[in-house]
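Q: I'm new to this one, so please zoom in on a single part and walk me through how it sits in the rest.

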Amino acid sequence: TEEDLEAFIAVLEEMAITVRRPETWPHEARFSTIHWESRGFYNYCPRDVMLVIGDHIIETPNVIRSRAQETFSYRSMLVDYLKSGAKWYSAPKPMLIDSLFEVDLDKPTPRNDEPAFDAANVLRLGQDLIYLVSGTGNEMGGQWLQTILGDAYRVHFLKNVYYGSHIDSTLVALRPGLMLCNPARLNDDTLPEILKQWDVIYSPPMENTDRYDADYLSKSIGSNWIDMNLFSINPNLVIVDQDQTSLIRLIEKQGLDVIPLKLRHAKMLGGGFHCVTLDIRRTGTLLRYFD
């Protein structure tokens with residue numbers, strides 16, 4: 001994984017993109033509140049725990065207890081961004097008591113006892129945000145986000161689609177006006193209404209999944225669609241898992257250029273190229289892309 005991340009970083013830096021890495025953090029250490037105790041998770045996926053919207057950097061109220069202190073490994077960076085003008089703040093820290101997780105197993109979303117969601121439940125499309133209600137995000141979390149952002153942004157809820165975790169193996173914005181969708185979770189009838197204003201393409205099945213043996217799969221936390229988790233550099237260039245040749249051809253047919261790379265343990269660690277990045281500064285103008 002470290003080798004693959006270094007190769008990914010080298011490609012980004014060749015394009016004059018500044019890459020910053022989190023500090024080493026003692027994830028194996030135990031910590032607690034008055035209600036529970038946990039070991040740490042890991043800081044492989046910054047996009048899960050921080051949400052960048054315009055000049056806001058929001059530490060989200062993550063649902064997994066072991067992630068409650070994960071953003072501390074980014075603290076020195078966050079201080080630097082604050083000094084350079086970012087509006088940095090944290091959502092109300094959820095208590096994450098047992099009753100939050102007493103859920104309907106057919107629709108396993110945290111109860112609406114308090115705002116709780118991962119940053120990766122949110123897909124940013126300019127001044128519109130799609131918010132996935134799932135096992136890592138309740139409706140109250142989306143309501144809190146709308147309240148904090150105010151009228152400049154609109155939060156659109158996506159419900160009853162995928163309860164596993166995050167949105168970025170369900171919907172991927174390729175460029176303004178073009179969306180990649182997961183055909184196992186969405187179709188033309190169940191698309192969010194705003195996306196019906198865009199062109200939509202559906203991902204082919206994931207390839208090379210036979211490389212995983214049963215023991216590996218039993219320890220993995222990522223979706224079977226994790227390799228759909230591509231990263232957009234700009235409206236004309238994306239980084240895609242090199243094994244997904246059909247997906248690469250589909251994207252190239254849309255006129256985009258593709259850089260094929262590999263994260264060999266994306267499924268084991270639950271994060272593809274989009275998950276393991278968090279874009280802080282981008283050129284361009286904040287726009288509203290939907291009526």
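A: Let's start at Gly85, which comes after helix H2 and has a positive phi, near 115°. Helices (H or I, at least four residues) and strands (E, at least two) are DSSP runs, numbered from the N terminus. Keep in mind that this is a predicted model, where local features need pLDDT of at least 70, side-chain atom pairs count only at pLDDT 80 or more, and totals for chains, interfaces and linings use all residues. Residues are numbered from 1 along each chain as its sequence is written, and side-chain values use heavy atoms, with hydrogens and water left out.

Now step back into H2 itself, residues 75–83: Met77, Leu78 and Tyr81 are its buried residues (buried means under 20% relative accessible area, exposed over 50%, partly exposed in between, with a 1.4 Å probe and protein chains only). Looking down the H2 axis, these buried residues stay within an arc of 100°, so they line one face of the helix; the arc is that of the directions from the helix axis to the C-beta atoms.

What do the buried residues of H2 pack against? They pack against S3, S4 and S5, where contact means heavy atoms within 4.5 Å.

Those strands form an open sheet of three, in the order S3-S4-S5, with mixed pairing (two strands pair if DSSP finds at least two bridges between them). S3 (50–53) and S5 (87–90) are the edge strands with a single partner each, so one side of each has no neighbour in the sheet. On average, neighbouring strands here are turned by 15° against each other, direction ignored. Axes are lines fitted to C-alpha atoms, for helices over the stretch in contact, and angles run from 0 to 180 degrees between N-to-C directions. S4 (residues 56–59) and S5 run parallel and are joined by four bridges, and Glu59 stands opposite Ser90 in S5.
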